[in-house]
Amino acid sequence: MALPIIVKWGGQEYSVTTLSEDDTVLDLKQFLKTLTGVLPERQKLLGLKVKGKPAENDVKLGALKLKPNTKIMMMGTREESLEDVLGPPPDNDDVVNDFDIEDEVVEVENREENLLKISRRVKEYKVEILNPPREGKKLLVLDVDYTLFAATNMKWIEAKMKELGVSTNANYKITFMLDSAAMITVHTPRRGLIDVKPLGVIWGKFSEFYSKKNTIMFDDIGRNFLMNPQNGLKIRPFMKAHLNRDKDKELLKLTQYLKEIAKLDDFLELNHKYWERYLSKKQGQ
């Protein structure tokens, strides 16, 4: 059931009409980030309380007993410039504290509430096409944080991809770039509420071109694959990029793996965890 909310910030009112009672406070913050540019961790939502205490991120909106079109106030500041984020990236605890998705015994991939979130992202998330999808081509999805470099919001991503020459090189057929608003939150019994990157958003928007059979995603954080474990390859993190950019050769090695699997019609028989073993076998033939 939809739960319309009006959020006041910066002298303006923002109408939120696409969330339901099953969505969480963090889902609301993620959506507000797309409207205001304020990162979720910098948002403070006044008036959202449970038993007299400020609602935590994992609290469902239905538990707040809000009336339709309730007005709440948001405090928080968005990044006014790219100056800070274009410098050396800070150490990221997410990389250190990542867990192997095989350790998570409860499957979240087919949970109905998560599939509904993906459906909403397919309907609501706007993808800006940089180059049209090409018939018969496989899809490579590249994480930015600690895989290519480091990133936060779309403004930062666009600036860094331009600086690296990714978005301006005519030889790179980049179809689109996605930011955190395309992610969803899922609940895991052992780890609580976490953000993941559902490839189902891409497959839903470009179903005639991409699917589980022809998609692979590189990411240094394994939990990002929870909604699509078969399609994820966990890459060694590109740490301290400002110091190690000339030493990290991981993507160069993976280029050979991509060339080998590009010959396949279906990726579903692959286990990307053992990509080095697969590559060694193929090169030895």
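Strand S10 (residues 215-219) pairs with S11 in the parallel sense over three bridges. Strands here are DSSP runs (E, at least two residues), and helices are runs of H or I (at least four residues), numbered from the N terminus; two strands pair if DSSP finds at least two bridges between them. Aspartate 219 has lysine 234 of S11 as its bridge partner. The structure is a predicted model, in which local features need pLDDT of at least 70, side-chain atom pairs count only at pLDDT 80 or more, and totals for chains, interfaces and linings use all residues. Residues are numbered from 1 along each chain as its sequence is written, and side-chain values use heavy atoms, without hydrogens and water.

The open sheet has three strands in the order S7-S10-S11, with parallel pairing. Strand S7 (139-142) and strand S11 (232-234) are the edge strands, each pairing on one side only. From one strand to the next, the twist averages 20°.

The largest nonpolar core has 21 residues. Such a core is a set of buried Ala, Val, Leu, Ile, Met, Phe, Trp, Tyr and Cys residues joined through side-chain atoms within 4.5 Å, where buried means under 20% relative accessible area (1.4 Å probe, protein chains only). Ile5, Val16, Leu28, Leu48, Leu61 and Leu64 touch the most other members. Helix H1 gives the largest share, four residues. A second, separate core of 20 residues includes Val141, Ile157, Ala182 and Phe206.

Confidence is reported as pLDDT, from 0 to 100 for each residue. The chain mean is 83, and 83% of residues reach 70 or more. Among the elements, helix H2 (residues 93-96) has the lowest mean pLDDT (51) and helix H5 (residues 200-205) the highest (96).

Notes
pLDDT is the predictor's confidence in each residue, from 0 to 100. Axes are lines fitted to C-alpha atoms, for helices over the stretch in contact, and angles run from 0 to 180 degrees between N-to-C directions. Buried means under 20% relative accessible area, exposed over 50%, partly exposed in between (1.4 Å probe, protein chains only).
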